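This briefing looks at how aromatic rings pair up in a protein structure. Please keep the sequence and the model in view while reading.

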Amino acid sequence: MEHREERLTAPVVDPPPVEEPARGSHERRLSAALFRRPRVRLAALLTLPTAWLVLVYLAALASLLATAFFSVDEFTNEVVRTFTWQNLVDVLSEPAYLQATARTVGIAAAVTVGCVLLGFPMAFYMAKVAPARWRNLLLALVVTPLWASYLVKIYAWQAMVQPETGVLAWMLQPFGLPGPGYGITATVLTLTYLWLPYMILPVYAGLERMPDSLIDASGDLGAHPARTVRSVVVPVVYPSIVAGSVFTFSLSLGDYITAQIVGGRTQMLGTIVYQNYTSSLPFAAAVALLPVAVMVVYLMLVRRTGALDNL
Amino acid sequence: MRNSRRARWTFGLVMALGLAFVYVPLGVVLINSFNASTVFAWPPQELTTHWWTATIGNEGVRAAVLTSFEVGLVATTAALLLGTLLAFALGRYTFFGRHTLSLLVVLPIALPGIVTALAFRTGFRTFLGLELSIWTVAIAHATFCIVVVYNNALARLRRMGTTPEEASMDLGADTFTTFRLVTFPLLRGALVAGALLAFGLSFDEIVVTLFTAPPGVTTLPIWIYQNLSRPNQGPVVNVVAAVLVLASILPIYLSQKLSGESTGGGRL
């Protein structure tokens, strides 16, 4: 504190130095030069990250796209760089792959719906119902599982859904119901579990921005709470829900480890990529383009909601 | 705010159910790590702490943790540098291609995991002609970690505005002095939080790691993945899983302390 005061009062006591101090004068000149040239400053900031993203990431995406049009030498198993439509034709003409696409999109849609149905009321409770002093605690409780390892969470669900001896089977036993066992239901449950916080967080942020007076006004005008939620709250936070759905949908589309561990014989697009990438990289690349295509269509559909600006 | 009594109860009930949905499986993992039986069956018949001591001495687990740390440190360092530079560029300047660039940062985690993973593999091997190594894993991790550092730094830059820096310049400090004495101290908490998130993201990543690691480079998630189907490793996997559940509390606690606005973990 003393030190600080000294610095603050120093210029008043001593006359400000007329000459530039010798030490650091290069720095000062460079600083002045940079100050006058915002474009140079911007270039200095941008060069490294842009080069990285373009060289490492965009190049990777481009090579994935290119590889989908290459073929494989049958004897050496090496990728041959000659253009062919064959991989895409194979993918699109085989009913099994189209079924896998439909199944994967269906699972991703179900997961997204599940996350909205569970996540929206939770976010609403946190933002608008719970006492203000609980908010940070609830938020931390919802966010913490994001940090628990992805694999561990799937592993946990293996224990939950396991046929006969799983936790759900044990819980449902008194009601005479069986557990879900391994399969599509278990896959949807586990993926919903994995991505739920990705839905809650943006919706919570959206609800927090929404003024409480909107809900009060709706109530004053005679709307039933359910009507208020449907006609006032949901439209206001719709972009946030869409933003959350981009994550839940996309992450589900590309998942295969969940299907491998709790899906039984459920095949997703990721499973097919995983099974083929060592034997035929071009074919795997062609299959990997399917979720990309689905995502592009999805993003185009949701673009006009303005949700993408929230990502 | 006024909500009808019934509405409050309904939302409160779903909240409670949601929290149960979130925490029951994690609780099962914790209890299961004390399960004396090597085969999972609920409820456990007998409890023991034997597997915990057995896990501490497990060479494979220790080596995997070390590898994960190495990859995480390299990836976090790179992401910290690149993410901060980007946050300054995009947060303080308007230029052509700004939106494209901000989309490009999110893309590695917004695209389906398997696509990113396969893209890195083909990119490294066929485009850059690299042999897969621990470095390719770290480079791939760094790429999708940039976004969390970027998000944290950008949020802080927006919140603090440019007035502290302008004041510093008005008082005669040059760009570098201002950065050292004003900007960086204001940004530090957000950067530490971003780094923690990036490290956590890298530590946890499995799909991209599987596709960019050569045989022999085993991070902790790869070790778990390889041992999930080996019945005699079951108890050790249980303990590792339990430790990871407990360890997940630490970074969120720290990042909350360090930066008020940072709540997004994982891929957000």
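Does Phe34(B) count as buried, exposed or partly exposed, and what is its relative accessibility? In this predicted model, Phe34(B) has a relative accessibility of 31% and therefore counts as partly exposed, since that value falls between the 20% and 50% cut-offs. Over all chains, the structure holds 25 aromatic pairs, and the points below describe some of them.

**A stacked pair in chain A**
- Phe69(A) and Phe83(A) form a stacked aromatic pair, with 5.4 Å from centre to centre and 10° between the planes.
- This pair links distant parts of the chain, because Phe69(A) sits in the loop between α3 (38–67) and β1 (71–72), while Phe83(A) sits in the loop between β2 (79–80) and α4 (86–93), 14 residues apart.
- Phe69(A) is buried, with a relative accessible area of 15%, whereas Phe83(A) is exposed, with a relative accessible area of 56%.

**A stacked pair in chain B**
- The ring centres of Phe34(B) and Trp52(B) lie 5.5 Å apart and their planes meet at 20°, so this pair is stacked as well.
- Phe34(B) belongs to the loop between α1 (5–32) and α2 (50–56) of chain B and Trp52(B) to helix α2 of chain B, so the pair ties together parts that are 18 residues apart in sequence.
- Trp52(B) has a relative accessibility of 23%, and therefore counts as partly exposed.

**A cluster of rings in chain A**
- Tyr150(A), Trp195(A), Tyr198(A) and Phe247(A) are joined into a cluster by ring pairs.

Notes: Residues are numbered from 1 along each chain as its sequence is written. Chains are lettered from A and ligands numbered from 1 in the order in which they are written. This is a predicted model: local features need pLDDT of at least 70, side-chain atom pairs count only at pLDDT 80 or more; totals for chains, interfaces and linings use all residues. Side-chain values use heavy atoms; hydrogens and water are left out. Rings of Phe, Tyr and Trp (its six-membered ring) pair if their centres lie within 6.5 Å; planes under 30 degrees apart count as stacked, over 60 as edge-to-face and the rest as tilted. Helices (H or I, at least four residues) and strands (E, at least two) are DSSP runs, numbered from the N terminus. Buried means under 20% relative accessible area, exposed over 50%, partly exposed in between (1.4 Å probe, protein chains only).
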